[in-house]
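The sequence and the model are shown first, and the description follows.

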Amino acid sequence: MTPWILLECTQVPGNGGELRLYKHGEDFSIKIVGRGELMNSRKHGSEDALAEMTCQRLKGCANPRLLIGGLGMGFTLAAALQHVGEQGQVVVAELVPDVVSWNRGPLGECAGQPLNDPRAIVREGDVADIIKTEQLVYDAILLDVDNGPEGLTRRQNNWLYSVDGLKAAHSALRPGGVLAVWSAGPADDFLRRLRRLEFEVEQVRVRAHGKKGTWHTIWFARRK
Ligand SMILES: C[S@@+](CC[C@H](N)C(=O)[O-])C[C@H]1O[C@@H](n2cnc3c(N)ncnc32)[C@H](O)[C@@H]1O
């Protein structure tokens, strides 16, 4: 049996613990020590769908500007670049600087080196800092930084899913813009919170791997 090989370790800024990059044959896995797997290169159907289905909801929007948090293995970024058109732009915020380095190194091939695309702009840091400070800037904000609307990577990420975080995301979007949030499963409290704000909300179930695998959840919340 092919063993999992530990390639790299790094710290998540803000006392988030340790992130590890493993390789198993052609497959990669990013894990947070003591909390489980954050991303695996074998199953990225729902990470692709996060971008594809967001872009479907932006039909009619010329040259969309997207914000993605975080980079992971680059699948959501690569899928977004396929759909934003030649003049579109995708800003990707990644909290862990080494994750960006891994994507420029061994991980880059997984998603076809999306960081080399001139339409991709990588910003090392917390996506929350961008959401807090920029207003009316994005046609879509795509969040896949934890395994759902709960701070798995680090506790501070809970702000993103709070009423304050959602209001800030609303302000960072242009009118009609879409906030999309990936989750391993449904989260009724989060859905209720979204529905109480000035968003039109859809909850969609997506397979982890093509037509197979477990079901993941994506919320699309359009700014009214
Ligand atoms: C589940 S992975 C993303 C997977 C990605 N959608 C893909 O297609 O590979 C989560 C990523 O978000 C990053 N992250 C976690 N919290 C963040 C934050 N507050 N701001 C930016 N990036 C963050 C993690 O370091 C990790 O790289």
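Which residue in E11 is the bridge partner of Arg207? The bridge partner of Arg207 in E11 is Trp215. The model described here is a predicted one.

## The hairpin of E10 and E11

Strands E10 and E11 run antiparallel and are joined by 10 bridges. The pair of Arg207 and Trp215 is one of the bridge pairs. The two strands form a hairpin with 2 residues between them, and Gly210 there takes a positive phi near 60°.

## The sheet of 7 strands

E10 and E11 belong to an open sheet of 7 strands, in the order E7-E6-E5-E8-E9-E11-E10, with mixed pairing. The edges are held by strand E7 (120-124) and strand E10 (199-209); each has a single partner strand, so one side of each has no neighbour in the sheet. From one strand to the next, the twist averages 20°.

Within this sheet, strand E5 (residues 65-69) pairs with E8 in the parallel sense, over 4 bridges. Leu66 has Ala140 of E8 as its bridge partner. Helix H6 (residues 163-172) packs on the sheet and touches E8, strand E9 (173-183), E10 and strand E11 (212-223). The direction of H6 makes about 135° with that of E9. Helix H7 (residues 188-196) lies across E9, E10 and E11, and runs at about 145° to E10.

## Leu173 in strand E9

Leu173 is found in strand E9. Is Leu173 buried or exposed? Its relative accessible area is 0%, so Leu173 is buried.

Residues up to four places away in sequence aside, Leu173 touches Leu136, Tyr138, Asp139, Ala140, Ile141, Val178, Leu179, Phe199 and Arg223. Among these contacts, Ala140 is also the bridge partner of Leu66.

## The sheet of 4 strands

A further open sheet has 4 strands in the order E1-E2-E3-E4, and its pairing is antiparallel. Why is one side of E1 and of E4 left without a neighbour in the sheet? Strand E1 (5-12) and strand E4 (36-40) stand at the edges with a single partner strand each, so one side of each is left without a neighbour in the sheet. Neighbouring strands are turned by 25° against each other on average, direction ignored.

Strand E2 (residues 17-24) pairs with strand E3 (residues 27-32) in the antiparallel sense, over 6 bridges. Leu19 has Ile32 in E3 as its bridge partner. Helix H3 (residues 97-104) packs on this sheet, where H3 touches E1, E2 and E3. The direction of H3 makes about 15° with that of E2. Lys31 stands opposite Glu37 in E4. E3 and E4 form a hairpin with 3 residues between them, and Gly34 in its turn has a positive phi of about 85°.

## The loop between E8 and H5

Two residues of the loop between E8 and H5 are described here: Thr153 and Asn157. Strand E8 spans 138-143 and helix H5 spans 158-161. Thr153 counts as buried because its relative accessibility is 6%. Leaving out residues up to four places away in sequence, Thr153 touches Val12, Gly16, Ile32, Arg35, Leu38, Val145 and Asp146. Of these, Ile32 is also the bridge partner of Leu19.

Asn157 has a relative accessibility of 5% and so counts as buried. Beyond its neighbours within four places in sequence, Asn157 is in contact with Val145, Asp146 and Gly151. Leu173 and Asn157 are 16 residues apart in sequence, and their C-alpha atoms are 19 Å apart in space.

## Helices H1 and H2

Two packed helices are described by the angle between their axes and the distance between the axes. The axes of helix H1 (residues 45-56) and helix H2 (residues 75-83) come within 7 Å and cross at roughly 30°. H1 is therefore roughly parallel to H2. Their crossing is right-handed.

On the side of H1, the contact is made by Glu47, Asp48, Leu50, Ala51, Glu52 and Cys55. H2 contributes Phe75, Thr76, Ala79, Ala80 and His83. By class, the contact has 6 nonpolar, 2 polar and 3 charged residues.

Methods: Residues are numbered from 1 along each chain as its sequence is written. This is a predicted model: local features need pLDDT of at least 70, side-chain atom pairs count only at pLDDT 80 or more; totals for chains, interfaces and linings use all residues. Side-chain values use heavy atoms; hydrogens and water are left out. Two strands pair if DSSP finds at least two bridges between them. Axes are lines fitted to C-alpha atoms, for helices over the stretch in contact, and angles run from 0 to 180 degrees between N-to-C directions. Contact means heavy atoms within 4.5 Å. Buried means under 20% relative accessible area, exposed over 50%, partly exposed in between (1.4 Å probe, protein chains only). Angles under 35 degrees count as roughly parallel, over 145 as roughly antiparallel, 65 to 115 as roughly perpendicular and the rest as oblique. A crossing is left-handed if the near helix is turned anticlockwise from the far one by less than a right angle, and right-handed if clockwise. Ala, Val, Leu, Ile, Met, Phe, Trp, Tyr, Cys and Pro count as nonpolar, Asp, Glu, Lys and Arg as charged, and the others, Gly among them, as polar.
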